[in-house]
Amino acid sequence: MKKLRHAVEYGGARLALAACDRLDPRRAFFVADRLADAWFLIDHRRRRTAVSNILASGVETDPRRAFALARASFRHMGRVIVESLKAGDVLADEGGRRSAVEMQIHPGAMEALAAPGRGVIVISGHIGNWEIAARMLSFIKPVVGVTRPMNNPLVERLVRDRKPWGRFTLTPKHDANAARFLQTLAGGNILALLADQHAPDMKHMIPFFGRPAATHGSAALLHLITGAPLCFGYCLRSGTMKFRLIALEPIVVKRTGSRKDDVETILTRLTAELEKAIRVAPDQYLWAHRRWRDQPAKPASS
Amino acid sequence: MSNDDILVRLRHLMKQSSQAKVDWDAVTADSTIASLGFDSLTILDLVYDIQQEFGVEFEAEKLAGVKTVGELIAFLRSCMGGTAGEKAAPRC
């Protein structure tokens, strides 16, 4: 059954890629929007999650508006895929990059990014188009994105094979080489992580829109143990194949000796920056992710 | 500090940060780091704790060649100049 599903998904992905190649961006967005609407209609579990997350965050309090925002978020995901597939055309030369992406990089962040041989940790969330962000940063220095492989290995291979990655490469989140991330930073690369995925270990419950969310501590730990600059950034869509790339001042936290406290100080700041970014463009956030899926057990009342 | 003392302290730190089910008393210098449940993500807690516990500053990426607990002990000894536990914060 699983093999059949993977094969069907693979066939669909191939069709979508072929259509995307033949259409100009506006038409490709039109098609992507319709497909996203269909997905929104069919996948009631994710739709419910998205609406419920939006209401829980307080970004929208009216259920009808939350529903509309959830649908916009699904359309956004469709557009992210189209943009990522078409990015090669737009970002190929410097003129194209300059016209497509407005760079708003804090001077401190730019200094760290531009320093030769200096590893930098760049953190973002599922806001805007994180792949365009990584592609743009890779023109400054090589970017290694930490990723979880797709559930469907056929689609994973298809996507990997067709993308002109250039100086943007991927590495699995859990690599048997324990020193992989440390080597990446030592090699003077940008290590890019998305920090808003659910962390099953639940070691760090960080407030996200006022509710505790299990958050990965790896970005914070990398900063604490290597001293590499840690920058929060994101890339918002401002038009058809137009973007605004924002990178904030690097966060610097000195260790106190308490790993948990140090990590959570950093994660709290990063999460607060992510919340601010989401409030700027709530329709460009992946609300369908079950960010609050596990909550700490409440102490039994006496 | 002897290698055995370092091993005891490492076992304690590893037990705290690993999520793997391991018989920690059976961990020896020959045990591989990977077999104790550490990968590129889960090693980070341990590195922080080692830097803190042994009072050493080291370029964490130098751990790249370290595959076994024994190699980790040797690495730490080289960082500490063979004088683990003294006041200064050696760096390697």
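Of the 92 residues of chain B, 30% count as buried, where buried denotes 20 or more other C-beta atoms within 10 Å of a residue's own, exposed 12 or fewer, and partly exposed a count in between, with C-beta atoms placed from the backbone. The structure is a predicted model, in which local features need pLDDT of at least 70 and side-chain atom pairs count only at pLDDT 80 or more, while totals for chains, interfaces and linings use all residues. Residues are numbered from 1 along each chain as its sequence is written, and chains are lettered from A and ligands numbered from 1 in the order in which they are written.

Chain B contains 3 helices and 0 strands, in the order α-α-α along the sequence. Helices (H or I, at least four residues) and strands (E, at least two) are DSSP runs, numbered from the N terminus. Of the contacts in chain B between residues at least 6 apart in sequence, 59% join residues at least 24 apart; a contact requires C-beta atoms, placed from the backbone, within 7 Å.

In chain B, the axes of helix 1 (residues 3–17) and helix 3 (residues 69–80) come within 10 Å and cross at roughly 115°. Axes are lines fitted to C-alpha atoms, for helices over the stretch in contact, and angles run from 0 to 180 degrees between N-to-C directions. Helix 1 of chain B is therefore roughly perpendicular to helix 3 of chain B (under 35 degrees is roughly parallel, over 145 roughly antiparallel, 65 to 115 roughly perpendicular, and the rest oblique). Asn3(B), Ile6(B), Leu7(B) and Leu10(B) of helix 1 of chain B make the contact with Val69(B), Leu72(B), Ile73(B) and Leu76(B) of helix 3 of chain B.

In chain A, helix 2 (residues 25–42) has 18 residues, which at 1.5 Å a residue should span 26 Å; the end C-alpha atoms are 25 Å apart, in agreement. The expected span is 1.5 Å times one less than the number of residues. The buried residues of helix 2 of chain A are Ala28(A), Phe29(A), Ala32(A), Ala36(A) and Phe40(A). Seen down the axis of helix 2 of chain A, these buried residues fall within an arc of 110°, so they line one face of the helix; the arc is that of the directions from the helix axis to the C-beta atoms. They pack against helix 1 (2–22), helix 3 (44–57) and helix 4 (63–90) of chain A. The face of helix 2 of chain A turned away from the buried side carries the exposed residues Arg34(A), Ala38(A), Leu41(A) and Ile42(A).

The axes of helix 2 and helix 4 of chain A come within 8 Å and cross at roughly 140°, which makes helix 2 of chain A oblique to helix 4 of chain A. Residues of helix 2 of chain A in this pairing include Trp39(A), and those of helix 4 of chain A include Gly78(A).

Two residues of the loops of chain A were examined for phi. Most residues other than glycine have a negative phi. Met202(A), not a glycine, has a positive phi of about 55° and lies in the loop between strand 5 (190–194) and strand 6 (205–208) of chain A. Met202(A) is partly exposed, with 14 other C-beta atoms within 10 Å. Phe209(A), also a residue other than glycine, has a positive phi near 50°. Phe209(A) is in the loop between strand 6 and strand 7 (211–214) of chain A, and is partly exposed, with 18 other C-beta atoms within 10 Å.

Methods. Contact = placed C-beta atoms within 7 Å.
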